[in-house]
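I opened the model today to go through its salt bridges, a sheet and a surface patch. My notes follow in the order I looked things up.

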Amino acid sequence: MEFINYMIDNSNEILIRTIEHLQLTIFAVVMAILIGVPLGILICYMKGLKKPVLAVANIMQSIPSLALLGFLIPFLGIGAKPAIFMVVVYSLLPIIKNTATGIDGISPEMVEAARGIGMTNLQVLSKVKLPQALPVIMAGVRISAVTSVGLVTIAALIGAGGLGYLVYSGIRTVNNYQILAGAIPACLMALGIDFFVSQIEKAVTPLSFTNKVKSANLQTIKHHQLRKTITLWTTAAVLVAFFIYTILPFKSDEKVLVVGAKDFTEQVILGNIYKELIEAETDITVDLKTDLGSQVVFTAITNEEVDMYVDYTGTVYGSILGHSEMKTPDEVYETCVKELEEQYNLTMLDPLGFNNTYTLAVQKQLADDYGLKTYSDLAKISDELTLGATYEILNRSDGIPSLLPTYDMQFKETIAIDGSQRYTAAQNNEVQVIDAFSTDGLLLEYDLTILEDDKDFFPPYYAAPVIRPETLEEFPELGPVLEELTGVLDDEKMREMNYQVDVQKKNPNDVAKDFLQSEGLIE
């Protein structure tokens, strides 16, 4: 019953995400057909190309999807373009292979007979080979279409939307209802697309391929031809309507500001805070893109695909600008402001007020048993413990690789776990130490002990908006609105909001609205 209530309460967002998912899937599959079928035909006539073309398609399909997306971002940016490219690449192999198999499987006697009555090569292809091969070709299309529904889920990680947004948000916040809200429509969509393509497959299958051929009469033939005509025209109408809706530009006088947010709860809340405040006080519409990795969102703003986002002084200072020397919080912030402008033509505004620095946390019982209070205390027994940490901190030069030698730590094992799953792993004693942000709401829920960084390894991580100066010029009314949030947030307020989303399962947008109203910033 609770799940049904959740689906009803969030029906609007689920519908929007479903439409986004369907758009990406159909566009990618159609592109794959337009590329794959001609390639399949080509390698049937140019035999020397068959092995290399299929080899390349096999190799492309063997590349991990996340790796392919990561490679594409610098070239295609974020959003729909790299997602569609990725799905097309993975859809090509079954279409190319089935097209070639279907055409090569045509009886030589039938081809010879067609040529004997004077058909040209093109006529043989269009009137004999392709019609006879269509059932096999459609089987490949069917496989690609169903697979694409699942692949498009990954598109949410680069801001392309779709049902994957709900799935990954649910995983991040341990919200099973949200996971199901994304997974169930995706499953139904896959079944629906499979059924739709199967009907096309039946319609284009020659009557001679069916078990009705023995009893075929004029009425049966006419019925089959009518069904084929209706199916094909319906498909054509659906695709035309889809492409008109998706591709054709519609002029709008709306001012649109693209706000990016990283792939954890706090960032989604902050993105919604800015969205609600800006839309309440200006006529600007905010397009919020969430679940972007740290480097992904920075690449997006430098490529002008995102207008602003919230970053952290420690992240900018170490990961983006490459500094490692320790400085005071003010010095770190001033360095970030100066060098972001000089090197990337970006403006970092005044901090919001809270410091979400990295920290290490352990089970409370473990801390009590060993008297753990600091990182130095942890280092003494680290070789007996397993660390569960996010992919980002495990790979950043200013993260775990540098922390270990600083404190002379050597964990028994290190496991990469993103999102809230590392808290679950700590609760189940699968890991004993996790990395966390100091404002994480789940620290309260799982009753973990935060250890003191007694050598001040991690720099200050004060949150501050990063924005393109061209955006401030284009929207001069934006500056005063953004300044309203300067210094308004502190660690306690941010931790409480994170707790409401991660633990109490509140909608990030509702939490953002409640905060702005409590601060008197919106009505």
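In which helix do Glu 342 and Lys 338 both lie, and how many residues apart are they? I found both in helix H14, residues 329-344. They are four residues apart, about one turn of the helix. I kept in mind that this is a predicted model.

**Entry 1: the pair in H14**

I then checked the contact itself. Glu 342 forms a salt bridge with Lys 338. The closest N and O atoms are 3.0 Å apart. I also looked up the exposure of Glu 342. Its relative accessible area is 55%, so I noted Glu 342 as exposed, the cut-off being over 50%.

**Entry 2: a pair across the chain**

Next I looked at Glu 519 and Lys 493. Their side chains meet in a salt bridge, with 3.1 Å from N to O. This pair links distant parts of the chain, 26 residues apart. Glu 519 is in the segment after helix H24 (508-518). Lys 493 is in helix H23, residues 491-502. I looked up accessibility for both partners. Glu 519 has 31% relative accessibility and counts as partly exposed. Lys 493 has 29% and also counts as partly exposed.

I moved on to helix H2. Arg 17 and Glu 13 form a salt bridge through their side chains, at 3.8 Å from N to O. Why are Arg 17 and Glu 13 separated by about one helical turn? Because they are four residues apart in helix H2. I asked which of the classes each partner falls into. Arg 17 counts as buried, because its relative accessibility of 15% is under 20%. Glu 13, at 24%, counts as partly exposed. Glu 13, Arg 17 and Glu 20 are linked in a network of salt bridges. For the whole model I noted a count of 17 salt bridges.

**Entry 3: the patch**

I turned to nonpolar surface. Which residues make a nonpolar patch of about 330 Å²? I listed Leu 42, Tyr 45, Met 46 and Leu 49. Leu 49 sits in the loop between helix H2 (11-45) and helix H3 (50-62). Its relative accessibility is 31%, so Leu 49 counts as partly exposed.

**Entry 4: the sheet**

How many strands does the open sheet with the order S7-S6-S8-S5-S9 have? I noted five, with mixed pairing. Strand S7 (413-416) and strand S9 (448-450) stand at the edges. Each has a single partner strand, so one side of each is left without a neighbour in the sheet. The twist averages 30° from one strand to the next. I then took the S6 and S7 pairing. Strand S6, residues 386-389, runs parallel to S7, and four bridges join them. I picked out one partner pair: Gly 388 has Ile 415 in S7 as its bridge partner. As a reminder to myself, strands of a sheet pair through backbone hydrogen bonds, either parallel or antiparallel.

Last, I looked up Asn 176. Asn 176 is found in helix H9, residues 176-204. Is Asn 176 buried or exposed? I noted exposed, because its relative accessibility is 53%.

Definitions and conventions. Residues numbered from 1 in each chain as written. Predicted model: local features only at pLDDT ≥ 70, side-chain atom pairs only at ≥ 80, totals over all residues. Heavy atoms only, no water. Patch = residues over 30% accessible without salt bridge, like charges linked within 9 Å, V, L, I, M, F, W, Y side chains within 5 Å. Areas by Shrake-Rupley, 256 points an atom, 1.4 Å probe, with all protein chains shown as cover. Salt bridge = Lys/Arg side-chain N within 4 Å of Asp/Glu carboxyl O. Helix = DSSP H or I, 4+ residues; strand = E, 2+ residues; numbered from the N terminus. Buried < 20%, exposed > 50% of the residue type's maximum accessible area, 1.4 Å probe, protein only. Pairing = 2+ DSSP bridges. Axes fitted to C-alpha atoms, helices over the stretch in contact; angles between N-to-C directions.
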